[in-house]
Amino acid sequence: MNTIEQYLSSLELRHYSPETIIKYRQVLSQFSLYCVENGIDLHGAAKADIREFRKFLKQRGLKGVSINGYTSVLKAFYEQLTKSLIDINPARGIPKQKEQDLLPSNIEESELTELLDRVDNDRTLSVSVMAMFEVLLGTGMRVSEMCSLELNDIEEWGRIPDPEYLDRFKERYPKKKTPKWIPGIIHIRFAKGSYQRKVPFPRLTELALKKYLQVRNHNNFTSPLLFCNQTGGMLNRGNVYKKIKPILDLTSSPKKGPHTLRHTYASHLINRGVDIATIRNLLGHKSVKTTQLYTHLANDALKRIHRAAHPKG
């Protein structure tokens with residue numbers, strides 16, 4: 001077994017998600033091929049070789065965020081090799097490419113309300129597609145995380161709060177409005193970077209899930225996965241994209257991928273005053289800097305509202 005396969009096997013043991021391991025394999029295979037074509041020893045690559053590889057990626061049209069992703073994979077791979085084969089990590093200390101042109105795209109709240117009304121009345125959409133749409137929008141999880149969900153990852157269903165709960169709530173939060181509904185909880189176990197987390201899901205998501213599970217149980221699916229293909233196997237990002245695309249095509253968002261729903265979830269939380277640290281935990285971001293990208297979206301929205309409402313624009 002070569003060092004790349006050994007490294008990927010170690011990621012499996014550390015419970016990295018299948019999607020993450022596929023991505024790492026693609027990056028490392030591409031870099032390994034680059035090394036062969038340019039006469040570079042994979043184990044003896046220098047910092048200059050990593051820089052040249054990044055230039056090669058840029059010439060192929062990759063944007064800053066993608067090039068940074070490649071560099072992060074190489075940095076992690078060589079960090080592992082420093083424990084046994086090499087002395088210095090050649091990818092360490094290389095500055096990131098600029099990513100200002102890659103702000104996330106989201107669906108405005110006013111447009112989302114209209115979209116939800118339209119899809120609720122669309123009889124051509126299956127209950128499974130509606131459930132996937134509501135899970136992505138209602139929890140902000142990544143597509144790969146949703147594909148890895150199992151039935152028992154729904155740890156709690158939502159419920160109407162009982163009197164004891166309301167008494168405790170009033171005692172702890174005397175100035176807050178008492179809730180009429182306690183959201184359910186989903187455990188995201190196979191998360192990016194193995195950052196497990198538990199996230200709440202709203203009532204609309206719960207209704208869509210229960211409707212889907214009713215049909216699923218009627219069809220006698222035995223797969224442990226929450227969402228699966230016809231043979232009970234795991235869906236991939238491409239499968240989900242094809243299923244969700246007809247809904248996203250109804251929006252004015254320039255980007256039509258399912259990840260748009262994650263951006264929408266985060267942006268709407270920001271607009272409602274939820275603090276960055278909480279949003280970071282809900283999204284499973286390693287760095288708060290990634291979460292702060294969404295503040296730019298919120299600021300842009302405020303500027304558009306100001307221009308439209310202010311007498312001088």
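1. Helices (H or I, at least four residues) and strands (E, at least two) are taken here as DSSP runs, numbered from the N terminus. On that basis the protein chain has 13 helices and 3 strands. This is a predicted model, in which local features need pLDDT of at least 70, side-chain atom pairs count only at pLDDT 80 or more, and totals for chains, interfaces and linings use all residues. Residues are numbered from 1 along each chain as its sequence is written, and side-chain values use heavy atoms, with hydrogens and water left out.

2. The chain as a whole. Of the 313 residues in the protein chain, 41% are buried; buried means under 20% relative accessible area, exposed over 50%, and partly exposed in between (1.4 Å probe, protein chains only). The protein chain exposes about 18,300 Å², and carbon and sulfur atoms supply 52% of that area. Accessible areas come from the Shrake-Rupley method with a 1.4 Å probe, and for residues only the protein chains shown count as cover. Among contacts (heavy atoms within 4.5 Å) with a separation of 6 or more, 62% join residues 24 or more positions apart.

3. Helix α6. This helix has 13 residues and reaches 18 Å from its first C-alpha to its last, close to the 18 Å expected at 1.5 Å a residue; the expected span is 1.5 Å times one less than the number of residues. Of the 13 residues of α6, 12 are buried, including S128, F133, E134 and T139. Just after α6, G140 takes a positive phi of about 75°.

4. V135. This residue lies in helix α6 and counts as buried because its relative accessibility is 0%. Apart from neighbours within four places in sequence, V135 is in contact with G140, M141, M146, T205, L209 and F227. V135 and A208 are 73 residues apart along the chain, and their C-alpha atoms are separated by 8.4 Å.

5. Helix α11. The end C-alpha atoms of α11 (residues 259-271) are 19 Å apart, which agrees with the 18 Å that its 13 residues should span at 1.5 Å a residue. The helix is mostly covered, with 11 of 13 residues buried; R262, H263, Y265 and L269 are among them. Just after α11, G273 has a positive phi of about 85°.

6. The second largest pocket. About 890 Å³ of space lies in this pocket. Its lining has 25 residues, and those closest to its centre are G138, P202, Y265, L269 and R272. Two or more lining residues come from each of α5 (109-120), α6 (127-139), β3 (197-201), α9 (203-218), α11 and α12 (276-283). A pocket is an open set of points, on a 1 Å grid over the protein atoms alone, where a 1.4 Å probe fits, with protein on both sides within 12 Å along at least five of seven lines; lining residues have an atom within 4 Å of a point. Grid points are joined across faces, edges and corners, and the volume is the space filled by probe spheres set on the points.

7. Lining composition. The lining of the second largest pocket divides into 14 nonpolar, 6 polar and 5 charged residues. Ala, Val, Leu, Ile, Met, Phe, Trp, Tyr, Cys and Pro count as nonpolar, Asp, Glu, Lys and Arg as charged, and the others, Gly among them, as polar.

8. E111. This residue is in helix α5. Leaving aside neighbours within four places in sequence, E111 is in contact with L250, T251 and S252. E111 and L250 are 139 residues apart in sequence and 9.7 Å apart in space, C-alpha to C-alpha.

9. H15. This residue sits in the loop between α1 (3-13) and α2 (18-37). Phi of H15 is near 65°, a positive value in a residue other than glycine. H15 counts as exposed because its relative accessibility is 53%.
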